[in-house]
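Hi,

Here is the structure I promised to pass on. Have a look at it first, and my notes follow below.

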Amino acid sequence: MQSVGGIGANWGTQASHPLPPDTVVTLLRDNRFQKVKLFDADYDALRALGKSGIEVMVGIPNDMLATFAGSLKAAEKWVSKNISTHISTNNVNIRYVAVGNEPFLKTYNGSFLTTTFPALQNIQSALIKAGLSSQVKVTIPLNADVYESSSGLPSGGDFRADIHDLLLAIVKFLSDNGAPFTVNIYPFISLYTDSDFPVEYAFFDGNASPINDGGTNYYNMFDANHDTLVWALQKNGFGNLPIIVGEIGWPTDGDINANPTYAQRFNQGFMSHLSGGKGTPMRPGPIDAYMFSLIDEDAKSIDPGNFERHWGIFAYDGTPKYPLNLGTTNSNSLIPAKNVQYLEKKWCVMKPSAKLDDPQVALSVSYACALADCTELGYGTTCGNLDARGNISFAFNSYYQKNNQQDEACKFPNLSMVTKTDPSPSNSNCKFGIMIQPYYGGAERRSGRIGRTWVLAAASSIFLLWTML
């Protein structure tokens, strides 16, 4: 098994105002990231990665799996356009194709059970035809819920009963083609979904009571979860299959446990864990991992929780959110994005003369939050201590900035006004943002990304916020 050096990052683009790809690639290089994982074959991102030397994993979204499962020709066309061309013309160092993203999540109700494996096979056939199969490997990023333990210990690990045979077929296929198993591991989600989860066990400080598995002690959830997978692979005859950790990270907002202190503690702990190169008890040696994620994405669905938009180690504008030593630079801290262009220093706020009991207030805030981003408001969040007027102003400003400070976007009926005085409270970490200049490359692909699907969810969460004012 080859040893892997360096740390990777997930670069998602579900943002209303993504940073220009060239800016992001400079950010990756300045911070010495050696690998990057994309969620689709974004042309501008791939072009910017050309000649950077950064290893790339290109993603195929789940909604394309049926097309490739049903047509080898479609798979060949995709590989030719998105892999071959970028390697040969743009000198992009593409090493993996991620076929789907967590397609077997229980919440998908089996939507991709019949299409994922055939799509994987057809993409592999297309890579062989293109003469790239020794250089570019296929994989499927899977959620850690595809395996479980009958005993609650890593040694009890096996693949989920309902997809056991399918996973074994996929694992055998990966093994036959020299490809890795990719898994996403999230201690934060365990803490979020289970109020009894021991908080210390999520981190790497060794403060948790260890779990003893036949004489092997596990001091953190990551090692135990990872080794449950190793046991599952071993039990089924694939003990040496390489494993990539496709996503691991901690969000900084949107939930009581999603804060910069915990995020810094978790990610720094993981970095130290990696840098030792000792791996896990069942799989010693370097770990191949991609941080989730590089930059916050304000247009992600908040169905899983309000924290979804806050996974970045960098904020939307490429500024570091907390000190983090990746072990890759001399400064031992993150280097911010360069030459970021902002909109004017002006904000949309509630007029001092407007009344809190104006019937338009609730409607206006619900509208603003449904179409912008109010996930920093609410219990235990960065801006959770604002008063009622502060909440309203934050919502108005979020909508105003998202709409590029257009005059029309600060015309809530008799409620709002534009100010050039920063309304951010001086005694807290809560910031009323100013948006960055819009980047229009690839805009046609992103249009409609911020659809109406989550408007109701956002509006209802803001209704809860109102009941707390």
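To start with a question: how do the residues of the lining of the second largest cavity divide into nonpolar, polar and charged? They come out as five nonpolar, three polar and one charged.

Before the rest, some housekeeping. This is a predicted model, where local features need pLDDT of at least 70 and side-chain atom pairs count only at pLDDT 80 or more, while totals for chains, interfaces and linings use all residues. Residues are numbered from 1 along each chain as its sequence is written, and side-chain values use heavy atoms, with hydrogens and water left out.

**Cavities**

A cavity here is a set of points, on a 1 Å grid over the protein atoms alone, where a 1.4 Å probe fits but cannot get out; lining residues have an atom within 4 Å of a point. Points are joined across faces, edges and corners, and a volume is the space filled by probe spheres set on them. By this rule there are five cavities of 30 Å³ or more.

The second largest cavity, the one I opened with, holds about 40 Å³ of space. Its lining is made up of Lys37, Leu38, Phe39, Gly59, Ile60, Ala98, Gly100, Asn101 and Pro141. Strand 2 and strand 3 are the elements that give two or more residues to that lining. (Strands are DSSP runs of E, at least two residues; helices are runs of H or I, at least four; both are numbered from the N terminus.)

The largest cavity has a volume of about 80 Å³. Among the residues lining the largest cavity are Trp11, His17, Val24, Asp296 and Tyr316. Its lining divides into seven nonpolar, three polar and one charged.

**Helix 1**

Val24 also turns up in helix 1 (residues 21–30), where Pro21, Thr23, Val24, Val25, Leu27 and Leu28 are buried. Buried means under 20% relative accessible area, exposed over 50% and partly exposed in between (1.4 Å probe, protein chains only). The cover over those buried residues includes strand 1 (8–11), strand 2 (35–38) and helix 2. Just after helix 1, Arg32 takes a positive phi of about 60°.

**The second largest pocket**

A pocket, unlike a cavity, is an open set of points, with protein on both sides within 12 Å along at least five of seven lines. The second largest pocket has a volume of about 1000 Å³. It is lined by 36 residues, and the closest to its centre are Asp296, Ala315, Tyr316, Glu376 and Lys431. Helix 11 (residues 388–402) provides the largest share of the lining, five residues. By type, the lining divides into 12 nonpolar, 13 polar and 11 charged.

**Disulfides**

How many disulfides does a search of the whole structure find? It finds three, a disulfide being a pair of cysteine sulfur atoms within 2.5 Å.

- Cys348 and Cys410 have their sulfur atoms 2.1 Å apart. Cys348 lies in strand 14 and Cys410 in the loop between helix 11 and strand 15, so this pair ties together parts that are 62 residues apart in sequence. The S-S torsion is about 85°, so the disulfide is right-handed. Both cysteines are buried.
- Cys369 is joined to Cys374, S to S 2.0 Å. Here the torsion is about -85°, so the disulfide is left-handed. Cys369 and Cys374 are both buried.
- Cys383 and Cys430 have sulfur atoms 2.0 Å apart. With a torsion of about 100°, this disulfide is right-handed. Cys383 is buried, with a relative accessible area of 1%, and Cys430 is buried with 1%.

Numbering the bonded cysteines of the chain in sequence order, the pairing reads 1-5, 2-3, 4-6.

A cis peptide bond joins Phe292 and Ser293, with omega about 5°. Ser293 sits in the loop between strand 13 (288–291) and strand 14 (347–350).

Lys51 is not a glycine but has a positive phi of about 65°. It is in the loop between helix 2 (43–49) and strand 3 (55–60), and counts as exposed at 63% relative accessibility. Asn414 has a positive phi too, near 60°. Asn414 lies in the loop between helix 11 and strand 15 (416–419) and is exposed, with a relative accessible area of 63%.

Cheers

Methods:
Ala, Val, Leu, Ile, Met, Phe, Trp, Tyr, Cys and Pro count as nonpolar, Asp, Glu, Lys and Arg as charged, and the others, Gly among them, as polar. Contact means heavy atoms within 4.5 Å.
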